[in-house]
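Start by viewing the model below.

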Amino acid sequence: MPLIELHMLNSGKKHAAGARVFSAPEMTGGAAERHSAGLIVLCGAGKRYGNGCHGLRPTSLSIAKGSFVAVIGPSGAGKSTMLRLINGLEAASCGQIRIDDETLGPRNLRRIRSRVAMVFQHFNLVNRLSAMTNVLTGRLAYRSWLGSVLYLFREEDMAIAHESLARVGLIDKAWERADQLSGGQQQRVGIARALAQRPEVILADEPVASLDPVASEEVLSLLHQICKQDGITVVVNLHQIELACRYADRILGLNGGELVFDGPAEALNEQALKSIYHRDGVVADANPELALAHA
Ligand code: ADP
Ligand code: MG
């Protein structure tokens, strides 16, 4: 089974090498069955914001368990919207999202979210708290409301948090305040917090956009290791195409809320890059280097 398959309901043309495009009738039968095999499945899922803006046009795709997927595209392409839809931070305005065959909805939102951890560009740590306490907050989904408010954790939570910090190589920083750590270390705490959730999926929204190249490499390499060793599915939004090509099993390219590329790094040729980074009415974007400068 291929690691990634994308079927777009809203277009009949082939956008770029590696992208497989099907019209709506072809979504029945075999294609629909193959979708249901994925851990994360979007079935015509899209988001139209209140102001009429299409954050994500109706999109159907399936992401296999244990795969490492990079989502690329210029600013405003819909990368964050796609991730927010997958963890239910944003409700889809059409279609459905399924995680492990369960359709995301108000009744199971909390439970599904506990299995889908997020990693953020600006880390979203509580600065005044220690690295350990920040990681422990990853356990809150498993605790009562009162326990959450009072930061009451069980011994089991402490063991999981300890193990998670060790996994990201920061056990020696466990009791340092989050804001005393470097950017790369703070992001590793963010990853440890995600791991403490014991998730099936990690969604990372531009996790290296605020880091220097060395720390970026460390963070992506860590996410890749976690994906391949623990079988946790990772979907990461990235601006750096070179990193996406090196780490991802599959690359999704978005432009204007539309999925215009779906394929492996080898298929990401000049034509594909143009389709991902072109801007309507801007002739200069025919040059991929200039297009990337706008990414
Ligand atoms: P990306 O992460 O690729 O930069 P986003 O998913 O943040 O893109 O945004 C996709 C589009 O949706 C953009 O045009 C953006 O302006 C719009 N958008 C995002 N969030 C909102 C919102 N809360 N309300 C209205 N429009 C939004
Ligand atoms: Mg974004």
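G38 sits in the loop between helix 1 (30-36) and strand 2. Helices (H or I, at least four residues) and strands (E, at least two) are DSSP runs, numbered from the N terminus. The model is predicted: local features need pLDDT of at least 70, side-chain atom pairs count only at pLDDT 80 or more, and totals for chains, interfaces and linings use all residues. Residues are numbered from 1 along each chain as its sequence is written, while chains are lettered from A and ligands numbered from 1 in the order in which they are written.

Is G38 buried or exposed? G38 is buried, with 23 other C-beta atoms within 10 Å. The cut-offs are as follows: a residue is buried if 20 or more other C-beta atoms lie within 10 Å of its own, exposed if 12 or fewer, and partly exposed in between, with C-beta atoms placed from the backbone. Leaving aside residues up to four places away in sequence, G38 touches S62, I63 and A64. Two residues are in contact if their C-beta atoms, placed from the backbone, lie within 7 Å. G38 and D100 are 62 residues apart in sequence, yet their C-alpha atoms are 7.2 Å apart in space.

## Strand 2

G44 belongs to strand 2 (residues 40-48). G44 is partly exposed, with 18 other C-beta atoms within 10 Å. Its C-alpha atom is separated by 4.6 Å from that of P58, 14 residues apart along the chain.

## The whole chain

The protein chain has 11 helices and 11 strands. Of its 295 residues, 47% are buried. Take the contacts between residues at least 6 apart in sequence: 68% of them join residues at least 24 apart.

## Positive phi at F123 and N124

Most residues other than glycine have a negative phi, and most peptide bonds are trans. F123 has a positive phi of about 70° although it is not a glycine. N124 also has a positive phi, near 50°, and is a residue other than glycine.

F123 lies in the loop between strand 7 (116-119) and helix 4 (131-136). N124 is in the loop between strand 7 and helix 4 as well. Their burial classes are these: F123 is buried, with 22 other C-beta atoms within 10 Å, and N124 is partly exposed, with 13 C-beta neighbours inside 10 Å.

G190 is buried, with 27 other C-beta atoms within 10 Å. From G190 to G138 the C-alpha distance is 9.3 Å, at 52 residues apart in sequence.

R198 is in the loop between helix 7 and strand 8 (201-205). R198 is partly exposed, with 17 other C-beta atoms within 10 Å. R198 and A117 are 81 residues apart in sequence and 8.4 Å apart in space, C-alpha to C-alpha.

## Helix 7 against helix 8

Two packed helices are described by the angle between their axes and the distance between the axes. Axes are lines fitted to C-alpha atoms, for helices over the stretch in contact, and angles run from 0 to 180 degrees between N-to-C directions. Helix 7 (residues 183-196) and helix 8 (residues 213-230) pack at about 15°, with axes 9 Å apart. Helix 7 is therefore roughly parallel to helix 8. Angles under 35 degrees count as roughly parallel, over 145 as roughly antiparallel, 65 to 115 as roughly perpendicular and the rest as oblique.

Helix 7 passes helix 8 in a right-handed crossing. A crossing is left-handed if the near helix is turned anticlockwise from the far one by less than a right angle, and right-handed if clockwise. Helix 7 contributes G183, G184, Q187, R188, I191 and L195 to the contact, and helix 8 contributes A215, E218, V219, L222, L223 and I226.

## Helix 6 against helix 7

Helix 6 (residues 155-167) and helix 7 pack at about 140°, with axes 8 Å apart. That makes helix 6 oblique to helix 7. This crossing of helix 6 past helix 7 is right-handed. The contact is made by I160, A161, S164, L165 and R167 of helix 6 and A192, L195 and A196 of helix 7.
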